[in-house]
Amino acid sequence: MDKPTASRLDINSSRKQELTAPTPQNTPINPAPITANYRPSVSSISEDAEKGDSTTESSNLTGAFTSNPALISMLQGKLGNLVGRPSGYVDSLPANVKRRIHGLQYFQSKHAELEGKFQEEVLALEKKYLALYTPLYDKRTEIVTGKYEPTDEEVALGEKVDQEDEGQQKEQAKEKNEQQEERAPMKGIPEFWLTALKNHPQISETITDQDELVLKHLVDIRMSYMDKPGFKLHFDFEENDHFSDKTLTKTYFYQEHAYGGDYVYDHAEGCAIHWNEGKDLTVKVETKKQRQKGTNKTRVVKRTVPADTFFSFFNPPSFPDDNEELGEEEAEGLDAKLEADYETGEEFKDKIIPHAVDYFTGKALEYEDFASEDEFEDDFYEEEDDDDDESEDDDDDDDGDSKQPTKGENAPECKQS
């Protein structure tokens with residue numbers, strides 16, 4: 001599958017992409033010393049005059065920008081277009097300096113070869129240890145589903161691991177356990193994976209009340225590597241009223257070769273979900289009344305629109321066809337969706353699957369750098385209120401432009417049994 005490479009995501013640095021300051025390779029603010037012959041002369045300015053002038057100019061500039069949002073947008077666009085453009089600096093260097101640069105590029109290419117081999121060995125090591133982890137994951141699934149009861153020794157060792165972190169809460173938990181033992185016995189650990197996902201700040205935002213009715217039947221999340229670079233996520237469900245599939249899958253593909261020591265994300269593939277009639281959570285039906293001009297007659301119009309749901313995860317965003325052109329805003333929006341989708345897959349692979357019990361208990365949150373709402377000042381939200389109101393109005397105005405969602409025709413079939 002040939003896809004554009006401009007929007008590919010660097011696996012290890014996709015979260016850290018930031019605009020960098022101009023460099024001699026793109027657009028330097030000032031000429032580099034090797035080519036700078038001009039030395040401007042500035043007459044001395046008194047401190048008082050400088051303060052007065054700067055205050056006046058600053059006030060005038062502030063007024064001009066705040067009263068003209070279009071000007072700000074235009075300047076941001078112009079400045080953004082300068083990033084990454086060749087400045088001509090390298091071309092202007094003497095031949096002997098260029099020669100040395102070519103020498104550096106040779107050694108850099110040798111470095112890239114070693115980085116590629118390093119990443120291949122890292123991937124092989126990850127596959128090796130996944131095979132070692134798998135029996136532990138299988139045992140976890142057996143406990144969660146009630147097929148295996150931990151031995152007294154296993155429980156004692158688990159309590160010892162947890163003892164240092166719990167402290168005084170241990171006695172309270174012991175009293176609660178004694179009270180709960182009087183109730184009817186419970187099989188396995190109910191809603192284990194639903195609870196773990198709801199304790200993940202980003203993923204919990206995608207889970208609706210309707211999603212919870214399905215996710216409480218989720219009995220395991222697994223991953224596997226493929227022959228080609230990439231990995232597959234497997235979501236195993238027990239029988240439920242919403243769909244007939246036993247396993248839903250999501251596959252992430254990397255480009256064949258590592259660049260700069262990292263494999264680069266290429267694309268993702270979900271799977272078709274076989275929803276039972278009237279149970280599809282990925283769409284909703286909107287009903288609207290329309291009044292005919294002239295006769296004032298009304299009619300009821302129903303249309304199907306996309307719904308917010310966790311299960312949209314299995315219908316990932318994709319690159320447009322080669323003959324389809326996107327506007328700048330559309331391209332940026334697609335890049336953001338692709339990056340968010342990839343990061344979610346990495347969260348499952350690197351955090352949720354290996355440390356599911358820590359997310360179930362909430363212990364994982366102690367080690368993650370998740371920002372809470374309390375960390376932001378109230379002024380931040382007050383400044384954004386007006387923009388939020390305007391965006392809500394725009395959403396209402398755009399209701400008529402919504403289109404019926406399309407599903408990937410070639411999506412792999414989910415497993416059924």
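Predicted model: local features only at pLDDT ≥ 70, side-chain atom pairs only at ≥ 80, totals over all residues.
I started with a nonpolar surface patch: L125, Y129, L132, Y133 and L136 together have about 510 Å² of accessible area. Patch members need over 30% relative accessible area and no salt bridge, and nonpolar side chains (Val, Leu, Ile, Met, Phe, Trp, Tyr) are joined within 5 Å, like charges within 9 Å. The areas come from the Shrake-Rupley method with a 1.4 Å probe, and for residues only the protein chains shown count as cover.

Numbering runs from 1 along each chain as its sequence is written, and side-chain values use heavy atoms, leaving out hydrogens and water.

Next I looked up L136, which lies in helix 3 (residues 95–144). Helices (H or I, at least four residues) and strands (E, at least two) are DSSP runs, numbered from the N terminus. L136 is exposed, at 58% relative accessible area. Buried means under 20%, exposed over 50%, and partly exposed in between (1.4 Å probe, protein chains only).

Then I checked salt bridges (a side-chain nitrogen of Lys or Arg within 4 Å of a carboxyl oxygen of Asp or Glu). The count is eight. In one of them, E142 pairs with K139, with the closest N and O atoms 3.5 Å apart. Both sit in helix 3, three residues apart.

K250 and D341 also pair, at 2.7 Å from N to O. This one links distant parts of the chain, strand 4 and helix 9, 91 residues apart.
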